[in-house]
Amino acid sequence: MKLLGKLYLIPTTMGESDPMDVLPQTVRRTIEVINHYIVENDKTARKSIKAVYPEKKQSELVLFTLNKRTEASEHLDFIKPLLEGKSMGLMSEAGCPGVADPGAAIVKLAHEKGIQVVPLVGPSSILLAMMASGMNGQSFTFNGYLPIDKDEKKSAIRHFEKLSYDKNQSQLFIETPYRNNKLIEDLLQILSPSTHLCIATDITLPTEFIKTLKVSDWKKLKIDIDKRPTIFIIHKM
């Protein structure tokens with residue numbers, strides 16, 4: 001029986017920070033020995049690899065780009081090195097691959113082909129925001145992006161608020177960063193004054209901002225998180 005390679009899920013930093021501040025030595029040791037990668041963005045992946053292991057020769061790297069424009073029919077070609085016995089790394093644009101990330105499709109295919117999947121420890125904005133929120137870490141849901149349509153967005157926010165109350169479940173979601181400030185306006189207008197809102201911005205970066213307050217208290221503050229990656233969490237208790 002032919003020996004298959006292993007698929008390593010390699011986390012990256014979530015912005016301009018020293019990788020050794022947020023990534024364990026396991027990530028460095030893995031990057032040291034792997035030359036084949038499936039990545040979301042070629043340029044940033046090469047930059048991340050160099051930051052973690054500067055000794056790695058860029059000319060030795062073989063990168064396959066996986067993003068929202070990649071056809072599912074291409075996935076099998078991406079994992080050919082694995083089927084030929086070479087281990088590969090899967091890297092997200094930021095944070096952990098496979099979570100709110102197109103890499104999940106590759107992980108699914110790896111399981112189908114009997115390839116061992118090895119997740120490495122690294123920063124997840126979802127979990128770090130939840131940890132720092134003070135909300136219900138026993139029951140929470142990540143809902144991804146809110147709808148773009150104004151009425152659909154309003155309905156979604158009300159739906160998540162009701163879910164949080166009915167199930168005692170914290171509700172997490174994200175927005176395209178340049179819409180963050182508008183979303184805050186919408187949240188403060190739509191949510192009940194007693195609902196708790198956590199805003200977690202630039203997690204793990206020097207500019208990190210994480211605060212949980214009732215909506216009534218947020219209304220007293222002025223906050224500007226335009227174009228900064230942010231996790232929003234709401235919980236009506």
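The largest cavity has a volume of about 50 Å³. This is a predicted model: local features need pLDDT of at least 70, side-chain atom pairs count only at pLDDT 80 or more, and totals for chains, interfaces and linings use all residues. Residues are numbered from 1 along each chain as its sequence is written, and side-chain values use heavy atoms, with hydrogens and water left out.

What do I call a cavity? On a 1 Å grid over the protein atoms alone, a cavity is a set of points where a 1.4 Å probe fits but cannot get out. A pocket is an open set with protein on both sides within 12 Å along at least five of seven lines. Lining residues have an atom within 4 Å of a point. Grid points are joined across faces, edges and corners, and a volume is the space filled by probe spheres set on the points.

How many cavities of 30 Å³ or more are there? The count comes to 1. Which residues line the largest cavity? Thr12, Val39, Glu40, Asn41, Thr44, Ala45, Ser48, Met91, Ser92 and Glu93. Helix 3 gives the largest share of that lining, 3 residues. Helices here are DSSP runs of H or I with at least four residues, strands are runs of E with at least two, and both are numbered from the N terminus. By class, the cavity lining splits into 3 nonpolar, 5 polar and 2 charged residues. For those classes, Ala, Val, Leu, Ile, Met, Phe, Trp, Tyr, Cys and Pro count as nonpolar, Asp, Glu, Lys and Arg as charged, and the others, Gly among them, as polar.

The largest pocket holds about 810 Å³ of space. It is lined by 29 residues, and the closest to its centre are Ala94, Ala100, Ser125, Tyr145 and Ile174. Three elements each supply at least two lining residues: helix 7 (125-133), strand 6 (140-145) and strand 10 (230-235). Strand 6 gives the largest share, 3 residues. The lining of this largest pocket has 17 nonpolar, 6 polar and 6 charged residues.

On to the second largest pocket. About 300 Å³ of space lies there. Of its 13 lining residues, Thr13, Gly15, Glu16, Lys47 and Ser48 are the closest to the centre. Which helix gives the most to this lining? Helix 3, residues 42-52, with 5 residues. By class, the second largest pocket is lined by 4 nonpolar, 6 polar and 3 charged residues.

Let us step back to the whole chain. The protein has 10 helices and 10 strands. Its C-alpha atoms fill a box of roughly 60 × 35 × 30 Å, taken along the principal axes. Of its 237 residues, 45% count as buried. Buried means under 20% relative accessible area, exposed over 50%, and partly exposed in between, with a 1.4 Å probe and protein chains only. Contacts are heavy atoms within 4.5 Å. Among contacts with a separation of 6 or more, 74% join residues 24 or more positions apart.

UniProt, in an unreviewed entry, places the feature "domain: Tetrapyrrole methylase" at residues 44-215. Over that stretch the chain is 38% helix and 20% strand, and the end C-alpha atoms are 37 Å apart.

Most residues other than glycine have a negative phi. Aspartate 202 has a positive phi, near 50°. Aspartate 202 sits in the loop between strand 8 (196-201) and strand 9 (209-214). Is aspartate 202 buried or exposed? Buried, with a relative accessible area of 7%. Threonine 204 is in the loop between strand 8 and strand 9 too. Phi of threonine 204 is also positive, near 75°. Threonine 204 is partly exposed, at 23% relative accessible area.

Last, the loop between helix 3 and strand 3 (62-65), where we find proline 54. Proline 54 is exposed, with a relative accessible area of 53%. Not counting residues up to four places away in sequence, proline 54 touches Arg28 and Ile49. Proline 54 and arginine 28 are 26 residues apart in sequence and 9.9 Å apart in space, C-alpha to C-alpha. Serine 59 lies in the loop between helix 3 and strand 3 as well. Serine 59 counts as exposed, at 70% relative accessibility.

Key
UniProt positions renumbered as here; feature names shortened; annotations may be inferred.
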